[in-house]
Amino acid sequence: MALRALDNTMPAAVEERPKKVAKVAAPTEAAPVKAASPESGKRKKKNDENSAPRATAAAGEQAVEYIPSEELEAAAHPKAKAAGLVAELDSKDWIRACEALNDARRLAIHHSALLNPIVEKVMLAIVKTMKSPRSAVLKTSIMACTDIFNSFGNLLSSVSDDAFDKLLLQLLLKASQDKRFVCEEAEKAMRAMAASMPPLPLLKKLKAYVHHANLRVRAKAAVAISHCAARMDIAAMKEFGMSALLQVAAELLNDRLPEAREAARSVVGSMHGAFTKEAADKGKEEEEDAPSVAASWESLCSLSLPPISAQAVAKIAASQ
């Protein structure tokens with residue numbers, strides 16, 4: 001057997017393994033650029049810092065100017081303003097409503113004779129604007145009430161009981177609000193009301209709110225009652241009823257709010273002052289009259305009030 005020479009043979013070619021080739025991603029086609037439509041230029045980005053901010057309702061309300069009464073000038077065409085006033089007050093456009101309210105203020109201050117025939121319709125329209133959610137409308141409507149009170153005095157002689165009752169309720173509610181600027185304006189209007197109107201008919205209207213469910217409404221009514229009592233003489237108090245007025249004061253003395261209790265003390269002080277003045281006007285000497293006046297006052301309290309309330313009222317009078 002022939003042997004194959006190992007040293008003379010070439011080694012068989014070894015098949016080399018193919019080298020790995022790095023994969024190169026094929027270049028993708030660029031996404032087609034969308035042609036700008038003619039309308040796209042008109043659209044603004046939501047957060048474009050270079051674009052002007054849109055006008056908001058709050059900005060509009062800040063632009064409304066609250067003109068003091070003494071700075072309101074007479075209307076240029078008062079008859080035309082009076083003729084279209086009620087319709088303008090009922091406008092859905094709150095800016096127009098504010099302008100109409102200022103026109104009502106001008107007419108009240110400078111042209112009250114033109115406003116007098118339509119004052120009830122105007123007051124009912126103002127009551128409606130006082131329910132507006134717009135702060136500017138609300139404040140201007142209360143300012144209009146103040147000017148009308150100052151110009152017309154006894155408003156009850158010019159409007160119906162129903163119209164006045166609606167106005168009084170809205171003023172009490174607005175004076176009881178948390179918004180300070182509304183509350184202060186309503187309190188100013190109520191002071192004008194108490195100062196300009198005869199105290200006796202106003203007191204009769206306010207008496208109903210002593211039992212109101214809202215604590216703040218009761219307190220604001222109590223303050224108005226104290227303003228009325230301070231302007232009443234003994235004859236007006238007797239016409240209302242000394243016992244009835246004492247009972248109102250005694251009830252408010254037990255109210256939960258300090259404002260109502262302080263107003264009740266003021267009512268007692270006004271009553272005691274008028275009661276004492278009547279005795280002095282009868283020509284009696286002060287020293288000789290003091291015991292009898294005190295005894296008469298205590299007798300009135302004991303006849304009008306329960307014992308505990310009578311003692312509280314007598315104590316307030318004694319401290320003054």
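**Entry 1: the model.** I am working with a predicted model.

**Entry 2: Glu184.** I looked up Glu184 and found it in helix H9, which covers residues 180–196. Buried needs under 20% and exposed needs over 50%. Next I checked its side chain. It joins the side chain of Arg180 through a polar contact of 2.9 Å. I also looked at Lys174, 10 residues from Glu184 along the chain. The C-alpha atoms of Glu184 and Lys174 are 9.0 Å apart.

**Entry 3: Thr129.** I found Thr129 in helix H6, residues 119–129. Its relative accessible area is 6%. The cut-off for buried is under 20%, so Thr129 is buried. Which residues does Thr129 touch, leaving aside neighbours within four places in sequence? I listed Leu89, Leu101, Val137, Leu138 and Ser141.

**Entry 4: helix H14.** I took H14 from residue 258 to residue 281, which gives 24 residues. From first C-alpha to last, H14 reaches 35 Å. I then picked out buried residues of H14, among them Ala260, Ala263, Ala264, Val267, Val268 and Met271. His272 and Phe275 are also buried. An α-helix has 3.6 residues a turn, so residues three or four places apart point the same way.

**Entry 5: rings.** I looked up Tyr66 and Lys139. The charged end of Lys139 sits over the Tyr66 ring, 4.5 Å from the ring centre. I also noted the count of aromatic pairs, which is 1.

Note on methods
Residues are numbered from 1 along each chain as its sequence is written. This is a predicted model: local features need pLDDT of at least 70, side-chain atom pairs count only at pLDDT 80 or more; totals for chains, interfaces and linings use all residues. Side-chain values use heavy atoms; hydrogens and water are left out. Rings of Phe, Tyr and Trp (its six-membered ring) pair if their centres lie within 6.5 Å; planes under 30 degrees apart count as stacked, over 60 as edge-to-face and the rest as tilted. A charge sits over a ring if NZ of Lys or CZ of Arg is within 6 Å of the ring centre and within 35 degrees of the ring normal. Helices (H or I, at least four residues) and strands (E, at least two) are DSSP runs, numbered from the N terminus. A polar contact is a pair of N or O atoms within 3.5 Å; within protein, one must be able to donate a hydrogen and the other to accept it, and residues adjacent in sequence count only if both atoms are side-chain atoms. The expected span of a helix is 1.5 Å times one less than its number of residues. Buried means under 20% relative accessible area, exposed over 50%, partly exposed in between (1.4 Å probe, protein chains only). Contact means heavy atoms within 4.5 Å.
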